[in-house]
Amino acid sequence: MQPLASDAQTPDHWIPRDGRMIRLTGKHPCNVEAPLSALFNAGFLTPQNLFYVRSHGDTPRFSAKQAHEWKLRVHGLVENEVEFSIQELKAKFPVVTLPVTLVCAGNRRKEQNMIVKGLGFNWGAAGVSTGLFTGVYLADVLEYCKPKNPLLSAYPNYDKPIPGRARHVVFEGADELPKGKYGTSQRLSWALDRSKGMIISWGLNGEDLSPDHGYPLRLVVPGQIGGRMVKWLQRIEVSDCESQHYLHYFDNKLLPTMVTADQARNEDKWWHDPKYIINELNVNAAICSPAHEAILELNSDTPTSEKVAIEGYAYTGGGRRITRVEITLDDGETWKLCDIRYPEDLYRTYPIHNHPYFGSIDLSTTDMSFAWCFWKVDIDVSSLLGDCDAGFVAVRAMDEALSIMPRDMYWNATSMMNSWWFRVAIYRGNSGQALRFEHPTVPGNTERIRDIPDLEGTVLHPD
Ligand SMILES: Nc1nc2c(c(=O)[nH]1)N[C@H]1C(S)=C(S)[C@@H](COP(=O)(O)O)O[C@H]1N2
Ligand SMILES: [Mo]
């Protein structure tokens, strides 16, 4: 890959990038997602060049020499304040690798923006990616530094610090933003829990993190939204209060549905209420194939015996596992069960130890699921022709906490965590010889529907 001509006039002109990525916020900063089919076809592990990017500002530029001299400072309410180089992290603590799915809280946001525009930009359904992250457990590093006087409950009075008692762990990146550096925090009780899998990571899919993904060091918090995974990680502070960074308060919140975008803009109180913070992901799924604008030619002799595969991804948060995926062709009257594949289970069946790069990749001793799964179902074309009363196919998933994707949208001012059924419309050409599929959105600010003159289909049954 080469730096892109379209980046030439921006502060990111030096970064090699994949020209297929879809820009969501104009030229700069870099907020991109892959075309959904390219992401899906890449399979379980997303190559870094197709891995979605969410950066609030200019991408910090560090040379190999600066990475070699990188200092991760751990300080605050700890017995041992330490500065670790990356080599020291590797030498002092066991090196581990985990397959982890990252999802921006804004994934699928455009579906909400099309109903009532909220505060955020237009993500499609590819604000999600999965990689093998290599690093050391945050819990090991914290144990080494010894939090002082720890208080392992954030409640009651979450937002009222008890001076001197370690209750939160604050992370800060190197990027300079208009309102200060990017930072956020975790509760100490979670950060100390190795089973939650939080790692300080330098490697993604067996190579250095690319500049867009946090080179040389980032935090990875499996099962939580991407916004908690601080890139270009420079500083960890054990504290009696949560992060005071601007974007810890004014981003990644799920405000109540009646709070309008204007209210959210003008009334700070919503952002300071700890009830509305987003940490763990919610259950979500999308149809990846048929793709947007896919056309299925019908065989006029034997249309009834034809099958079409409907497939896509699903994920959820907190280390929970997806336990069912269902599709409906009649707006939820009846459902069909899909087959599910969990590629991460390969790392339970075939754990790897003492690998020179990955250290250990071993999910055989944990029931946590930190990665997306893939689902598929074959349906009869005839059911799309005859019985598809809704004019769309929709998918919903459930996880092991029995959380299920809702029929209705939970609209909110930041349009985050959108997880209503993912619906793909089915149009029938005038000739009746082909079906055309239409996804709910096209990512970014392009038109929702591009005309396809020769298939200006009539909707089977318009809503
Ligand atoms: N330092 C820093 N860390 C950051 C961000 C940022 O802008 N600066 N963006 C966050 C958000 S909102 C997300 S979704 C993820 C995206 O990670 P990625 O770009 O590697 O996919 O990084 C998070 N960490
Ligand atoms: Mo995000």
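Guide: Let's start with a term. On a 1 Å grid over the protein atoms alone, a cavity is a set of points where a 1.4 Å probe fits but cannot get out, while a pocket is an open set with protein on both sides within 12 Å along at least five of seven lines; a lining residue has an atom within 4 Å of a point. Grid points are joined across faces, edges and corners, and a volume is the space filled by probe spheres set on the points. This is a predicted model, so local features need pLDDT of at least 70 and side-chain atom pairs pLDDT 80 or more, while totals for chains, interfaces and linings use all residues. Residues are numbered from 1 along each chain as its sequence is written, chains are lettered from A and ligands numbered from 1 in the order written, and side-chain values use heavy atoms, without hydrogens and water.

Visitor: How many cavities of 30 Å³ or more does the structure hold?

Guide: Rolling a probe the size of a water molecule over the atoms shows where empty space is left. Here there are four cavities of 30 Å³ or more. The largest cavity holds about 100 Å³ of space. It is lined by 16 residues, and Thr316, Arg320, Ser369, Phe370 and Ala371 are the closest to its centre.

Visitor: And the second largest cavity, which residues line it?

Guide: That one has about 60 Å³ of space. Its lining includes Trp190, Lys196, Glu280 and Phe370. By class, the lining splits into six nonpolar, four polar and two charged residues. For the classes, Ala, Val, Leu, Ile, Met, Phe, Trp, Tyr, Cys and Pro count as nonpolar, Asp, Glu, Lys and Arg as charged, and the others, Gly among them, as polar.

Visitor: Now the pockets. What takes up the space of the largest pocket?

Guide: A molecule sits in a pocket if more than half of its atoms lie within 2 Å of the grid points. In this model, ligand 1 takes the space of the largest pocket. The volume of that pocket is about 620 Å³. Of its 35 lining residues, Arg54, His56, Asp251, Asn252 and Met416 are the closest to the centre. The lining has 17 nonpolar, nine polar and nine charged residues.

Visitor: Which residues come nearest to ligand 1?

Guide: "Near" means that a heavy atom of the residue lies within 4 Å. There are 18 residues around ligand 1, and Tyr52, Asp175, His213, Arg218 and Lys231 come nearest. This shell has eight nonpolar, five polar and five charged residues.

Visitor: What about polar contacts with ligand 1?

Guide: Look for pairs of N or O atoms within 3.5 Å. Oxygen atoms of ligand 1 lie 2.6 Å from a polar side-chain atom of Lys231, 2.7 Å from a side-chain N or O atom of Arg218, and 3.0 Å from a backbone N or O atom of Arg54. The protein covers 100% of the 530 Å² of accessible area that ligand 1 has on its own (Shrake-Rupley method, 1.4 Å probe).

Methods
Polar contact = N/O pair within 3.5 Å; in protein donor to acceptor, adjacent residues only side chain to side chain.
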